[in-house]
Amino acid sequence: MARISFAAVALTTMAVYALRVNGAAGLMVDDAWYVLLAKAMAEGRGYRLISSAATEILPLYPPGLPAILSLVLRAHPEFPENVWLLKSVSITAMLATGLLTYVYLHRDRRVPRDLALCAAAGVTLTPAFVFLATSTLMSECVFTFSQLAALVLLHRSVEFGDPRRAGAFTVAAAIAAAATVLIRSAG
């Protein structure tokens with residue numbers, strides 16, 4: 001029964017994201033900057049705003065999300081045909097956030113399976129997250145995943161009696177926290 005419930009939530013979540021994804025990008029202003037920065041990085045021009053009429057200027061945004069998006073742009077550089085691929089980064093981050101929420105609550109916090117699944121579905125299907133993942137190219141979804149990953153790893157680091165495993169989880173938590181700051185410096 002648990003597998004059926006998990007499959008139903010997963011399929012419903014994927015259907016919501018698939019039905020909501022659109023071809024718009026740049027409507028929130030920041031997401032246009034993320035795409036321009038990613039394009040500059042993908043083309044090997046460095047981390048600069050290439051849209052400036054004068055000298056290319058340094059951006060105000062952290063480089064994490066543009067670096068991830070630049071990998072997509074290297075594989076499929078034709079904009080706007082690649083907008084759905086660019087948005088797949090945030091959609092994947094939200095699906096991973098839901099899965100990590102479930103695993104953390106059920107395995108680490110010992111929340112009953114059904115409640116953990118409902119909480120994971122609630123997080124993943126929060127209207128603001130669905131909108132951000134499917135209608136923008138903003139950093140919030142990737143930031144949420146990396147921040148949750150850092151917290152889960154940190155929690156695991158204090159649960160182990162073996163100092164070597166605890167140390168490994170502490171280092172992993174530190175790396176995830178650093179990645180979080182590189183994705184979004186305020187949050």
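1. Contact here means heavy atoms within 4.5 Å. With that in hand, take helix 3: its buried residues pack against helix 2, helix 4, helix 7 (140–159) and helix 8 (163–183). Keep in mind as you read on that this is a predicted model.

2. Staying with helix 3, the element runs over residues 64–75, twelve residues in all. From first C-alpha to last, helix 3 reaches 18 Å, close to the 16 Å expected at 1.5 Å a residue. The buried residues in helix 3 are Gly 64, Leu 65, Pro 66, Leu 69, Ser 70, Val 72 and Leu 73.

3. Leu 69 deserves a look of its own. If you leave out residues up to four places away in sequence, Leu 69 touches Tyr 34, Ala 38, Leu 86 and Val 89. Leu 69 also turns up in the largest nonpolar core, a set of 26 residues, where Tyr 17, Leu 69, Leu 86 and Cys 141 touch the most other members.

4. Who builds that core? Helix 2, helix 3, helix 4, helix 6 (127–135) and helix 7 each put in at least two residues. Helix 4 gives the most to this core, with five residues. There is also a second, separate core of five residues, and among its members are Tyr 104, Leu 148, Ala 149 and Val 152.

5. On to the pockets. The largest pocket has a volume of about 190 Å³, and 13 residues line it. If you want to find its centre on screen, go to Phe 6, Ala 10, Leu 95, Gly 98 and Leu 99, which lie nearest to it. Helix 1 (2–20), helix 4 (83–108) and helix 5 (113–124) are the elements that give two or more residues to this lining.

6. Which helix gives the largest share of the lining of the largest pocket? That would be helix 1, with five residues.

7. By class, the lining of the second largest pocket has six nonpolar and two charged residues, with no polar ones.

8. Now some backbone details to check. Most residues other than glycine have a negative phi, and most peptide bonds are trans. The bond from Phe 79 to Pro 80, however, is cis, with omega near 15°.

9. Two residues other than glycine have a positive phi worth a glance. One is Val 29, with phi near 70°, found in the loop between helix 1 and helix 2. The other is Arg 110, with phi near 60°, in the loop between helix 4 and helix 5.

10. Is Arg 110 buried or exposed? Exposed means over 50% relative accessible area. Arg 110 comes in at 65% relative accessibility, so this residue counts as exposed.

Methods:
Residues numbered from 1 in each chain as written. Predicted model: local features only at pLDDT ≥ 70, side-chain atom pairs only at ≥ 80, totals over all residues. Heavy atoms only, no water. 1 Å grid on protein atoms, 1.4 Å probe; cavity = no way out; pocket = protein on both sides within 12 Å on 5 of 7 lines; lining within 4 Å. Points joined across faces, edges and corners; volume = space filled by probe spheres on them. Helix = DSSP H or I, 4+ residues; strand = E, 2+ residues; numbered from the N terminus. Nonpolar A, V, L, I, M, F, W, Y, C, P; charged D, E, K, R; others polar. Expected span 1.5 Å × (residues − 1). Buried < 20%, exposed > 50% of the residue type's maximum accessible area, 1.4 Å probe, protein only. Core = buried A, V, L, I, M, F, W, Y, C linked by side-chain atoms within 4.5 Å.
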